[in-house]
Amino acid sequence: MIPFASLERWSLAGRISAALLGGYGLAYGFTAFFSVYLPLARPDRVVVASLSCFAVWVAAAVYAFAARSAGRAWLVLGGLALVLGLAGFLSGEWRTRP
Amino acid sequence: MTLRQSMAGLHTWGGLLPSWLLFVILFAGTLACFDKELERWMRPALHEPVAGSMTADDVSAWLRANVHETLHAYWMHGPTERAPYWKLGWEEDASEVRGKAAFDPRTGEPMPETVGGDFFFTLHYNLQAGTPGMYIVGLAGMFMLVALVSGTIVHRRLFKDFFTLRPQANGQRAWLDAHNLFGVIGLPFHLVLAYTGVAVFVSFYMPAGAKVAYGGDPLAFFHEVQGGYHRNELDRPAEPPVPLSGLLADARQRWGGAELGWIVVEHPSDASAVVSVRRFDPSRIGAPQDALSYDATTGELLHQQQAPAGYRAYTWLAGLHMAQFGGQLVRILYGLLGLAGCAMLVAGTGVWLRKREARDGRGVALVRGLNGAVFFGLPIACLALLWANRLLPETLSARGAAEGWAFSLGWMAVALLALGWRRTPARLTRTLLALSALLALGLPVLNGLTMPDGHLPASLARGDLALAGVDLVLLAVGALCAWRAWRRKPEPRDASLPTEAGVRTPELSR
C-alpha cells in the first residue's frame with residue numbers, strides 16, 4: 001500500500017487544507033445554522049449545535065481524504081459551509097429569538 | 001484508491017505528526033488524574049493529616065492583611081478529603097495580576113511555594129503556554145479524533161486482532177500488535193476523552209453559536225447559557241462585609257448539609273460586591289450548577305443559578321473528562337487507560353519506524369530522536385520536578401519557578417542527548433531507562449531521608465494509601481525501568497541506520 005506516493009503534491013495539499021480549513025469552515029457553518037434553526041430555547045440550541053460541531057469536523061476531515069479528488073472535497077465542504085453559514089447569519093431577527 | 005488505502009495514508013501521517021504532542025497531552029493528563037495526591041506529596045505540611053481550624057473568614061482576613069491592591073475578585077476552596085487545606089486565588093483590578101496561596105492547616109500561614117500537582121493539569125490543557133497553548137491542544141485533540149476514526153476504518157479485524165500479541169514476532173508485527181492492542185482496549189475511552197476534551201473549551205474553539213444567536217455579546221451569552229449571576233460595579237466603596245461563615249452556613253442549610261466548593265467574591269471593595277458559593281458533590285459526574293449568590297454587605301440572597309439543560313449537558317461532558325467523580329477507583333481506571341493511550345502512541349511510532357528502518361527510509365533518525373526526546377524526556381522531566389520539589393530549600397523565593405526550571409532543563413538535557421545519540425538507539429534507550437530507574441527509585445529513598453511524616457513506612461503505617469501510592473508507583477516504575485535496562489543487550493547490531501547515501505537518496509517517502 002503506497003497511499004500518498006501516487007498523489008500529486010498539490011492534490012495532497014488540497015486535501016490537507018480541505019480537511020483543516022474546509023472542515024473547520026463546515027463545522028462553523030453547521031454551528032451557526034443549528035444555533036438558529038434547532039427547535040429549542042436559545043441557550044440549548046447554541047450548546048447542542050456547538051457541542052456537535054467537532055463530530056462534523058472529524059467527518060469532514062475523513063471525507064477530505066476519501067473524496068474522489070481534492071477539488072471535489074473543497075467544493076462539497078466549502079459549498080456546504082457557505083450555504084449553512086449564510087442561512088444561519090442571514091436569518092434576521094429570528095436568529096436572536098429567545 | 002480504496003477508502004481503506006486513503007484512510008491508511010491519513011492514519012499514518014495524521015497520526016505520526018502530532019504523536020509527540022499528543023504524548024505530552026496524554027501523559028500529563030494521566031498524571032493530572034492524581035493531581036491532588038501529587039499536590040499532597042509535594043507539600044510536606046500536608047503529609048500528616050490534621051483537622052485544621054481555619055475558616056473562610058480567616059482566609060479573607062489574611063488576604064486583607066497581605067494584599068493591599070484593589071481586587072477584581074478572589075476565590076477560595078475549603079479542605080476536602082483529597083485536598084485537606086484552604087486554597088486562595090485573587091486577581092488585582094487594574095493590572096489583572098493574579099496571585100495564589102495555599103494554607104498550612106496547622107498554622108494558618110501560607111505553605112512554601114510549589115507548582116504542585118496543578119502543574120501537570122496545566123501542562124495537559126495548555127502546555128503551560130496560555131491561550132495559544134490551549135488552541136494547540138485543541139487542534140491536537142482533533143488530530144487524535146481523526147486518527148482514531150481513520151485507524152478504526154483501516155483496521156481489518158478489529159475484534160480478532162484484539163486477542164493477538166506476538167512480542168517475539170519480527171519488529172514491525174510486534175509493534176503493530178501492541179499498537180492495536182492498546183488502541184482497541186482504549187478505543188471507547190480515547191474517543192470519549194478526546195471528544196469531551198475538545199468540548200471543554202468549545203466556547204473558545206467554536207464561537208459561531210454565540211456570534212449568531214447572541215450577536216457576539218459574550219456577557220449575554222454566558223449569562224443566559226450558564227444561568228449565572230453578575231452585578232456590575234457601582235463605583236462606590238463597599239460597606240464592611242458580613243462574615244462569610246454566616247453565608248456559608250446558609251448555603252449549607254439550603255443544600256441539606258452538602259459540602260461546599262468554590263467561594264467567589266467579586267469586586268470586594270465596591271458596594272456591588274457579590275459572594276457566590278458553589279456546591280461540591282463528587283458523587284455526580286457533572287458538577288452541580290446551582291450556585292448561590294449573596295450580597296456581600298447585607299448577606300441577602302440575590303440569586304440561585306438555574307442552568308439550562310444544555311449547559312448541564314455540557315458540564316456532564318466536562319465532568320466525564322475531569323474524573324472528579326466516583327472516587328479513586330475511577331481515577332485509577334482513567335490513569336490506566338491514559339497509559340494505554342500513551343502506549344498506543346509509542347507503539348504507533350514504533351510501527352512507522354520498523355517499516356522504514358529496513359529500507360533506510362527518510363526521517364528515521366529524526367523520528368528516533370524525537371521518540372527519545374519526548375517519550376523519555378517528559379517522564380524524566382517530571383521526575384526532575386519531583387526531585388527539585390524535595391531538594392529546593394523551603395525559604396527560596398520564586399520556588400515554584402525554580403521547580404519549573406528543573407522540569408525544563410531536565411527535559412532539554414534528555415532531548416539533546418536523544419538527538420545526539422539518535423544513531424545509536426540501543427545505547428540511548430538503555431541509558432535513559434537506567435536514568436529513569438535511578439531517578440524514580442531514588443525519590444522514595446530521598447523522601448525517607450527528608451520527610452519524617454511523609455516517607456513510605458510512615459504513610460503505610462497510617463493506612464494513608466493516597467500518599468503512599470505516589471512512592472509505591474515510583475518504586476514500581478523504577479523497578480520496571482531497571483529491569484528493562486538490565487535485560488537490554490548493550491549494543492546489538494542495531495546498526496541498520498540510514499547511511500549518508502540513504503538519507504540523500506531522492507526516493508519518495510513511502
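When I say contact this morning, I mean heavy atoms within 4.5 Å. What I am showing is a predicted model, in which local features need pLDDT of at least 70 and side-chain atom pairs count only at pLDDT 80 or more, while totals for chains, interfaces and linings use all residues. Residues are numbered from 1 along each chain as its sequence is written, chains are lettered from A in the order in which they are written, and side-chain values use heavy atoms, with hydrogens and water left out.

Let me start with Phe54(A), which, leaving aside its neighbours within four places in sequence, is in contact with Met142(B), Tyr195(B), Val198(B), Ala199(B), Val202(B) and Tyr205(B). Phe54(A) is also one of the residues that touch the most other members of the largest nonpolar core, a set of 107 residues. Such a core consists of buried Ala, Val, Leu, Ile, Met, Phe, Trp, Tyr and Cys residues joined through side-chain atoms within 4.5 Å, where buried means under 20% relative accessible area with a 1.4 Å probe, protein chains only.

Turning to the interface, 35 residues of chain A and 41 residues of chain B take part in the contact. Together the two chains bury about 3,300 Å², 79% of it on carbon and sulfur atoms, and buried area is the accessible area (1.4 Å probe) lost on putting two parts together, summed over both.

Which side chains meet in a salt bridge? They are those of Arg42(A) and Glu224(B), at 2.9 Å, N to O, the term requiring a side-chain nitrogen of Lys or Arg within 4 Å of a carboxyl oxygen of Asp or Glu. Between chain A and chain B, the count is one salt bridge.

Technical notes:
Buried < 20%, exposed > 50% of the residue type's maximum accessible area, 1.4 Å probe, protein only.
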